[in-house]
Amino acid sequence: MPGHPREPAAGRDPPKFELTADEARLLQLRAQGFVGTPDRKAGALGVLDALGVVQLDTISVLARTHELVPQSRIGPLSRADIEDAFWHRPARAFEYWAHAMCLLPIEEWPWSALRRRLRAKWTHPRRPHDPKAMREVLRILRAQGPITSEALGGSRDRSPRPAGHWWHWSPLKIAVERLLATGEVVCVERRGFRRVYDLAERAIPARLLRRDPSDEECRVHHVVRAAERLGVATAADLASYFEGMSPGQAIASAEEAGLVKVSVEGWNKEAWALPRVFEKPVRGRHRTTLVSPFDSLVWGDGLHVVKGADYRGRERTKRVFGFDMLFEAYVPAAKRVHGYFTMPLLAGGRLVGRVDPAREGTTLVAKRVTLEGPAAVEHATDALVEAASWVGCDDVRIDRVTPAKLRAPLVAAAKRAG
């Protein structure tokens with residue numbers, strides 16, 4: 001068991017521990033909060049503290065991903081309570097780039113210094129920063145206090161959008177985002193999912209602002225935090241959890257932090273872990289739930305590639321769960337395999353299916369469901385009924401199911417459960 005990893009036979013510089021693929025998978029599930037009794041009293045903020053980062057995204061199907069992440073771990077929570085936990089004054093969390101744009105606990109502010117320094121050295125090729133506009137943004141913030149982009153005149157430039165540009169920002173929007181990237185401005189609050197910008201000196205506690213760790217200290221900190229949240233991980237996994245470093249830098253930081261090398265059955269890459277993760281065996285109840293495609297459980301060690309109808313999923317999810325994680329929201333509808341916002345179905349510590357959900361009034365619609373086998377029918381039913389109740393739906397409708405022979409049993413089970 002993971003609590004008692006096996007020592008490999010003597011050899012030249014062997015990994016210190018050996019794990020089976022199942023043991024590594026269970027360690028990751030425990031580290032990600034999907035095994036054991038959830039701490040409901042800690043709520044959404046407890047989940048954020050446990051994970052270190054919660055990804056943000058504008059797409060909202062059942063709910064936005066920062067709401068789905070705590071729900072998937074501790075069950076139905078008041079969505080108002082989730083919003084209050086994350087967007088609170090005084091600040092408990094802040095937005096910044098980690099694996100992607102994420103929410104981080106406020107205590108992580110000093111350790112994002114590495115990313116702020118890296119961002120300060122980089123300029124978007126289509127959004128050159130304008131020092132005059134940046135000074136104007138700071139003047140407005142000092143005079144008016146926390147504001148949204150609307151108070152800066154709107155986020156979009158009024159000139160015609162150039163071909164091929166997804167975002168056509170106004171000069172002041174470019175300026176405030178630049179200041180956000182370099183750390184002079186911060187977002188610790190949202191209104192209607194619109195960012196509220198504030199001066200870091202006003203929103204971040206002084207004790208955190210005063211700390212200025214070196215790049216090396218930030219990398220060591222992030223590698224340790226990533227190892228805590230992943231259980232066992234490759235260098236690329238460690239590097240990509242918070243980002244801001246290469247796999248080579250992650251290995252150097254892992255060695256400095258005292259992580260041990262691990263050999264995992266079936267993995268073709270060397271892995272790393274904190275010695276303390278082996279102290280206790282993995283025990284406890286497994287969650288049955290739908291998982292956001294932006295959940296850290298199914299992050300890859302880099303962006304997946306989409307080309308026409310051919311897909312390469314996220315490598316870590318494939319390696320750990322034997323599951324092709326495909327995100328198809330930006331794929332033409334006719335070429336989608338599993339759907340617009342496909343959510344993996346987690347049950348018994350495995351990913352056993354996929355659901356592409358939608359809402360029509362008070363009905364949760366499972367537009368496409370893909371199940372690994374008959375045993376997944378009950379799990380899909382439980383997850384769909386829980387999700388429906390959470391978002392205020394009183395009915396579940398099943399549309400397309402693969403394999404088709406499982407549609408009737410799933411429909412019948414959903415009716416019984418409803």
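For these notes I count Ala, Val, Leu, Ile, Met, Phe, Trp, Tyr, Cys and Pro as nonpolar, Asp, Glu, Lys and Arg as charged, and the others, Gly among them, as polar. I also keep in mind throughout that this is a predicted model.

**Entry 1: the second largest pocket**

With those classes in hand, I looked up the lining of the second largest pocket and found that its residues divide into 7 nonpolar, 6 polar and 4 charged. The lining is made of 17 residues, and Gly33, Thr37, Pro38, Asp39 and Ala50 are the ones that lie nearest the centre of the pocket. I noted a volume of about 350 Å³ for this second largest pocket.

**Entry 2: the chain as a whole**

I then stepped back to the protein chain, in which I found 15 helices and 16 strands. Of its 418 residues, 56% count as buried. I also looked at contacts in the chain with a separation of 6 or more, and residues 24 or more positions apart account for 63% of them.

**Entry 3: helix 6 against helix 7**

Next I turned to a pair of helices, helix 6 (residues 131–144) and helix 7 (residues 171–182), which pack at an angle of about 80° with their axes 8 Å apart. Because of that angle, helix 6 is roughly perpendicular to helix 7, given that angles of 65 to 115 degrees count as roughly perpendicular. On the side of helix 6 I listed Ala133, Met134, Glu136, Val137 and Leu138, and these meet Pro171, Leu172, Ala175, Val176, Arg178 and Leu179 in helix 7. Sorted by class, the residues of this contact divide into 9 nonpolar, no polar and 2 charged.

**Entry 4: Glu243**

Is Glu243 buried, partly exposed or exposed? I put Glu243 down as partly exposed, because its relative accessibility is 28% and partly exposed covers what falls between the buried limit of under 20% and the exposed limit of over 50%. Leaving out residues up to four places away in sequence, I found that Glu243 touches Ala98, His99 and Arg115. I also looked up Leu114, which is 129 residues from Glu243 along the chain, and the C-alpha atoms of the two are separated by 9.8 Å.

Key. Residues are numbered from 1 along each chain as its sequence is written. This is a predicted model: local features need pLDDT of at least 70, side-chain atom pairs count only at pLDDT 80 or more; totals for chains, interfaces and linings use all residues. Side-chain values use heavy atoms; hydrogens and water are left out. On a 1 Å grid over the protein atoms alone, a cavity is a set of points where a 1.4 Å probe fits but cannot get out, and a pocket is an open set with protein on both sides within 12 Å along at least five of seven lines; lining residues have an atom within 4 Å of a point. Grid points are joined across faces, edges and corners, and a volume is the space filled by probe spheres set on the points. Axes are lines fitted to C-alpha atoms, for helices over the stretch in contact, and angles run from 0 to 180 degrees between N-to-C directions. Helices (H or I, at least four residues) and strands (E, at least two) are DSSP runs, numbered from the N terminus. Angles under 35 degrees count as roughly parallel, over 145 as roughly antiparallel, 65 to 115 as roughly perpendicular and the rest as oblique. Contact means heavy atoms within 4.5 Å. Buried means under 20% relative accessible area, exposed over 50%, partly exposed in between (1.4 Å probe, protein chains only).
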